[in-house]
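Hi,

Here is the structure I said I would pass on. Have a look at it first, and then read on for what turned up.

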Amino acid sequence: MLKKISTIPFNGTPEQKAKLDAVIAECKDDKSQLMHVMQEAQGIYGYLPREVQVMIAEGMDIPLEKIYGVATFYAQFSLSPKGEYDISVCLGTACYVKGAQPIIDKISEILGIEPGECTADGKFSLEECRCIGACGLAPVFTINGEVYGKITADDVPGILAKYMN
Amino acid sequence: MENAVNIKINGFDYQVPAGSTILEAAHSVGIEIPTLCYLKEINAIGACRICVVEVKGARSLVAACVFPVNEGMEIFTNTPKVIEARKTTLELILSTHKKECLSCVRSGSCELQKLCHEYGIEDENAFSGDFVNYDIDRSATHMYRDNEKCILCRRCVAVCDKTQAVSVIGANARGFDTHIGSAFKYGLGDVACISCGQCITACPTGALAERDDTQKVFDALNDPTKHVVVQTAPAVRVGLGEEFGYEMGTVVTGKMVSALKMLGFDGVFDTNFAADLTIMEEATEFLARFKEGKNLPLITSCSPGWVKYCEHYYPDFIKNLSSCKSPQGMFGSVAKTFYAEKMGIDPKDIFVVSVMPCTAKKFEAERTDYSAVKGLADIDASITVRELARMIKKAGINFRAIPDAEFDAPFGLGSGAGTIFGATGGVMEAALRTAYEVVTGKELTDLATFKAVRGVEGVKEASYDLDGVTVNVAVASGLANAKKVLEMVKSGEKKYDFIEIMACPGGCVNGGGQPIVPASVRNFEDVRALRAAGLYNDDANLPVRKSHENADVKAIYDEFFGEPGSHKAHDILHTGYTERKVY
Ligand code: SF4
Ligand code: SF4
Ligand code: SF4
Ligand code: FES
Ligand code: FES
């Protein structure tokens, strides 16, 4: 999968930067710690935008391209922030068979974002995930962990409306 | 043979050096194994699997490029199983390849095309399926990237990272989406690439190529209002012949000049002249700084790839860079001033073409802040050796059949010192030949005095006594080597007075604009040494071997500049630099 690069302006706080600087200070003499630093950075910022990857590149003295290569290789890293409401649609076998794709399409259509992206106002993010163990309710999706099961594309607008304001 | 092992290849017994790979062992006994991803000293990742062979007792086929031989090993390089595996590998590569060999810039020098031909791949679409489309990245001044022809061998990535310590390209994403590019989808022109072109000469296919400026040159030649002049860099004379089947290291100056005249240039000049001019200015600059002890070490500025690297990655050293324009720049500058005046031509009607072994020279040609004539570029088109060869072929000139010709006045003379600019250590040696005579007032009779700075090693050091004062010099080629030297200077571990840095390993003879040498040759021959030998030989045979003895150089000082380092020389022949970002 090609990862989506966020176009939402970066707004990291000084506190976040201080945290990341501390992690880098601890690891900068051992380049094999790169994955660890990236995981920490994602924990701090929720994703790895260019600004954060540049901080890591400069701090660890590792070229940005190498960091980006790792970030786009491993599924655990995201280049797009999580929204205030993080929607995760299950694409496990059961859900897929029962029509998860039309649900994703509907959400995409309403929010104007693709999986892996976040809306410009930072409100919603959309992603696809593997089986979440609720196959009996297939197809399912979650919004900030709250599970919605046995839904059809027609149910989507009503559910999203609850979060819109 | 000491440290030898006994092996069998295809049923015959051989003794080969212990520690060699199967690929090397087979080559040493006259058996070639195809490669794609492997590039000696640069990339040994065993990824493409085109080099597979059978080894008795091994469960699967092994990659010959990385697998070492050992005592008693039995190897089969040509069994039906091996051939079938290689064919399948090629067919799989073709399934995601934009096949346009008819017009491809690398047709004829493409390693993929050659293998497909050799293995008789009849069905180019044996595996057809999804094809990932990529836009061609033309954002950089000097080159483009067409990922639809990329076979993901990663030779470019390795050379940019390991040889050049730049690392602006890499493999991104995974699986079917894996592609080579820069972080966050930036184009090559928007990242801190230094334009060296080493990735192009490392690429087995047409995925990477120089920006082609030949049409621009043809257009100028066909424009009756333009007076079109051309200069050829030192290393061009030893590279160009390879495009026409000459053995590596053959110097073809006479035929090159002839071909340029046949192409219709109004003046065919020698960059060696400008190299000599550079020495006059740079030796003067060095002696002045040395006397004052200011901004030392002086670092050479004739390699625009190195200059760009310095501006991006070592801005603290910008003050150490020589303010001299490169020989390319100096030539353009005198062509649009001194020459224009002498010929009575308006500088804006003079079109200056450079033929260079270098892609970074295309970038340099577009830096116009310090042009000799305000509002005009010093250089109007800078083409590589490969582009010149293309022009010669297109014009129907039978290079091997034409007679030799001589460069034109007033920039036709070049000294041996100018010639060796093309090899690592050459600028240093040339400068020392002149500085020695200036400082000591004595004639340098042994032209081999400074030969310690010759040779292909990445870092060379020497100390010379010039009439009681010791001058410590260093020479580095390939930017990873330059980085080592700069770090030692920074930390105070080393103290030098004068450093020569060339971006390309081995210097311009191995520049990013030279003829492509396939891995099947590069893996076994030292291109740098072979081509450099041609230049040193040229130097030894030239009547004048010191820059300050070049009669054309003397004349331009007498008639125009006065003396080296004069105010006028500074205005026209010197330049300035800008700090650039990395991210
Ligand atoms: S890269 Fe090679 S195989 Fe591909 S189109 Fe060009 S010449 Fe043909
Ligand atoms: S031109 Fe040189 S610096 Fe730029 S990508 Fe290629 S190898 Fe790297
Ligand atoms: S661009 Fe060329 S050198 Fe780089 S990975 Fe692709 S085929 Fe190999
Ligand atoms: S497949 Fe969706 S919850 Fe199991
Ligand atoms: S695996 Fe040996 S050449 Fe690619």
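Putting chain B and chain A together buries about 1700 Å², and carbon and sulfur atoms give 61% of that area. Keep in mind that this is a predicted model. On the chain B side, the residues that lose the most area to chain A are B:Arg174, B:Phe184 and B:Tyr583, which together make up 46% of what that side buries.

As for polar links, eight residue pairs are in polar contact between chain B and chain A, counting pairs with both residues at pLDDT 80 or more.

You can find it where the side chain of B:Asp161 meets that of A:Lys66, with 3.0 Å from N to O.

Next, the ligand. Which residues sit around ligand 1? They come from chain B: B:His97, B:Lys98, B:Glu100, B:Cys101, B:Cys104, B:Ser107, B:Cys110, B:Leu112, B:Lys149, B:Thr205 and B:Gly206. By class, this shell has four nonpolar, four polar and three charged residues.

A few backbone details are worth a look too.

- A:Ala138 and A:Pro139 are joined by a cis peptide bond, with omega at about -5°. A:Pro139 is in the loop between β3 (124–129) and β4 (141–143) of chain A.
- B:Ala409 and B:Pro410 are also joined by a cis peptide bond, here with omega at about 5°. The loop that holds B:Pro410 runs between α13 (385–394) and α14 (416–419) of chain B.
- B:Leu152 is not a glycine, yet its phi is positive, at about 60°. You will find B:Leu152 in the loop between β6 (143–145) and α4 (155–163) of chain B. B:Leu152 counts as partly exposed because its relative accessibility is 28%.
- B:Ser195, another residue other than glycine, has a positive phi near 70°. Its place is the loop between β8 and α5 (198–202) of chain B. Is B:Ser195 buried or exposed? B:Ser195 is buried, with a relative accessible area of 3%.

Cheers

Conventions:
Residues numbered from 1 in each chain as written. Chains lettered and ligands numbered in written order. Heavy atoms only, no water. Buried area = accessible area lost by both parts, 1.4 Å probe. Salt bridge = Lys/Arg side-chain N within 4 Å of Asp/Glu carboxyl O. Polar contact = N/O pair within 3.5 Å; in protein donor to acceptor, adjacent residues only side chain to side chain. Near = heavy atom within 4 Å. Nonpolar A, V, L, I, M, F, W, Y, C, P; charged D, E, K, R; others polar. Helix = DSSP H or I, 4+ residues; strand = E, 2+ residues; numbered from the N terminus. Buried < 20%, exposed > 50% of the residue type's maximum accessible area, 1.4 Å probe, protein only.
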